[in-house]
Amino acid sequence: MADCLFCKIVAGQIPSAVVYQDDQVVAFRDINPQAPFHVLVAPTRHIATLNDIGPDDHALVGAMIGRAAALAAENGYAQRGYRTVFNCNAEAGQTVFHIHLHVLAGRSLGWPPG
Ligand code: AMP
Ligand code: ZN
């Protein structure tokens, strides 16, 4: 999608610190990290919000979650713990309308979230 920030990151038109990429998903460091480890796992295909996920996308979302777990493990957080978050629309604080899974680790994370 032409005006989408994360589509531009997928296409390499905007620089980012990519930590993983394949045909389906890309993972890159959040530009404004909220924890010592904060990466975003996004599909390479544009999907605006979780509300736009259909049954055909379930395997893709599973791949995103699997990649989040793999990245947490590779960086030493599997046992310590980490948090994965999808924000959907305004009240959840979604600001980039290309779905992405936040993976946060490296500090104690409060609950409930703010
Ligand atoms: P959300 O509020 O859930 O939509 O999350 C969007 C996230 O994208 C925020 O945590 C931002 O810090 C992050 N972000 C915005 N622009 C960039 C960028 N150019 N590269 C990496 N992360 C970004
Ligand atoms: Zn996009």
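This report looks at a leucine, some cysteines and a ligand in a predicted model.

Let's start in helix H2, which spans residues 58-74 and includes Leu60. Is this leucine buried or exposed? Leu60 counts as buried because its relative accessible area is 7%, and the cut-off for buried is under 20%.

Which residues does Leu60 touch, once those up to four places away in sequence are set aside? They are Gln24, Val25, Pro43, Arg45 and Ile47. For a sense of distance, take Val39, which sits 21 residues from Leu60 along the chain. The C-alpha atoms of Leu60 and Val39 are 18 Å apart.

## The cysteines

A disulfide is a covalent bond between the sulfur atoms of two cysteines. How many disulfides turn up when the whole structure is searched? The search finds 0. Cys88, for example, is in no disulfide, and the nearest cysteine sulfur to it, belonging to Cys4, is 15 Å away.

Cys7 is buried, with a relative accessible area of 12%. Cys88, in contrast, is partly exposed, since its relative accessibility is 24%.

## Around ligand 1

Now let's turn to the ligand. There are 16 residues around ligand 1, and those that come nearest are Asp30, Asn87, Gly93, Thr95 and His102.

Backbone atoms also meet the ligand here. A polar backbone atom of Thr95 is 2.7 Å from an oxygen atom of ligand 1, while for Val96 a backbone N or O atom lies 3.0 Å from a ligand oxygen. In the case of Ile31, a backbone N or O atom is 3.1 Å from a nitrogen atom of ligand 1. On its own, ligand 1 has 500 Å² of accessible area, and the protein covers 84% of that.

Methods:
Residues numbered from 1 in each chain as written. Chains lettered and ligands numbered in written order. Predicted model: local features only at pLDDT ≥ 70, side-chain atom pairs only at ≥ 80, totals over all residues. Heavy atoms only, no water. Helix = DSSP H or I, 4+ residues; strand = E, 2+ residues; numbered from the N terminus. Buried < 20%, exposed > 50% of the residue type's maximum accessible area, 1.4 Å probe, protein only. Contact = heavy atoms within 4.5 Å. Disulfide = S-S within 2.5 Å. Near = heavy atom within 4 Å. Polar contact = N/O pair within 3.5 Å; in protein donor to acceptor, adjacent residues only side chain to side chain. Areas by Shrake-Rupley, 256 points an atom, 1.4 Å probe, with all protein chains shown as cover.
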